[in-house]
Amino acid sequence: MMKKVFGKKELNQIFVRSFFYGSSWNYERMQNLGFLYTILPTLKKVYGNAGEKEMSKAMKRHLEFFNTHQSTAPFIIGVTSAMEEQGGNDKSDATTGIKIGLMGPLAGLGDSLIWLTLVPICMSLGASYAKEGNPLGLVIALVLFNVLNIALKYFGLHKGYTSGSELIEQSSSKGTLERITNMAVALGLILVGGLIPQMVSVNLGFKFVQGDLTISLQEMIDGIFPKLLPLLVTLGMFKLVRKGKSPVLMIFGIMIISILLVLAGVLVQ
């Protein structure tokens, strides 16, 4: 039986911090700062007596890219806390793999459950009261939404922590943790790859006109290989990052180059 070092006190500290999870968002690594802030009580408990070097190593790991729905993030933080507790820096690949593998599916689940289901129901209920002139309509909508949303965060955190510990205990003797990690990493890569055509847009403005015939270069490329240009741009940015180029400078560089190409007519919105 693996020893647990967390109690209600530590989990409640993480739960309180989860309310500020989305208050520090950035374009480079999305919610990484919020994730580190929320899971910091875990790291202090695990690495508090291990020295600054181990603590710094753990904090640096959790400053990598992370992005998921804020209501489902506590579940991932619970699972990650359990894995930090049992594996620490010695099993960082497994911890990171599970963390990345969960963020995509739970982001979609959170969007469907919260934004597309819970919010419309609560706001419609509040609007029905407000329509009759009852000022409590807004209060009812906000209270009902937050009661359910806060409960989801609280029980998600505790369930994630409990399930994470059980996952490690069951898989350590069967050798399944490595397979789960590999699948999680593969799933994470697939999800990130699927975001390229949605997040990256490149539209060429070149058109060949011959009488009544107009041929768009962009349509020709998409007909042969859809979303080829966004893929090439993404791979180019990835190669620059691998070479150590600053992501912040790259962002500003892309903005400036894009504006100049649009003004020159090479790109269109």
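Q: Which residue meets E28 in a salt bridge between side chains?
A: Welcome! This is a predicted model, in which local features need pLDDT of at least 70, side-chain atom pairs count only at pLDDT 80 or more, and totals for chains, interfaces and linings use all residues. Residues are numbered from 1 along each chain as its sequence is written, and side-chain values use heavy atoms, leaving out hydrogens and water. A salt bridge puts a side-chain nitrogen of Lys or Arg within 4 Å of a carboxyl oxygen of Asp or Glu, and at 3.6 Å, N to O, the partner of E28 is R29.

Q: Is E10 buried or exposed?
A: Buried means under 20% relative accessible area, exposed over 50%, and partly exposed in between (1.4 Å probe, protein chains only). E10 forms a salt bridge with K45 (3.4 Å, N to O), and K45 is partly exposed at 43%. With a relative accessible area of 13%, E10 is buried.

Q: Which helix holds R61, the salt-bridge partner of E84?
A: Helices here are DSSP runs (H or I, at least four residues), numbered from the N terminus. The side chains of E84 and R61 meet at 2.9 Å, N to O, and both residues are buried. The pair spans 23 residues, from E84 in helix α4 to R61 in helix α3.

Q: At what angle do α4 and α5 pack?
A: Their axes, lines fitted to C-alpha atoms over the stretch in contact (heavy atoms within 4.5 Å), are compared by N-to-C direction from 0 to 180 degrees. These axes lie 10 Å apart. The helices are roughly antiparallel, a label for angles over 145 degrees, and their angle is about 170 degrees.

Technical notes. Helices (H or I, at least four residues) and strands (E, at least two) are DSSP runs, numbered from the N terminus. Angles under 35 degrees count as roughly parallel, over 145 as roughly antiparallel, 65 to 115 as roughly perpendicular and the rest as oblique.
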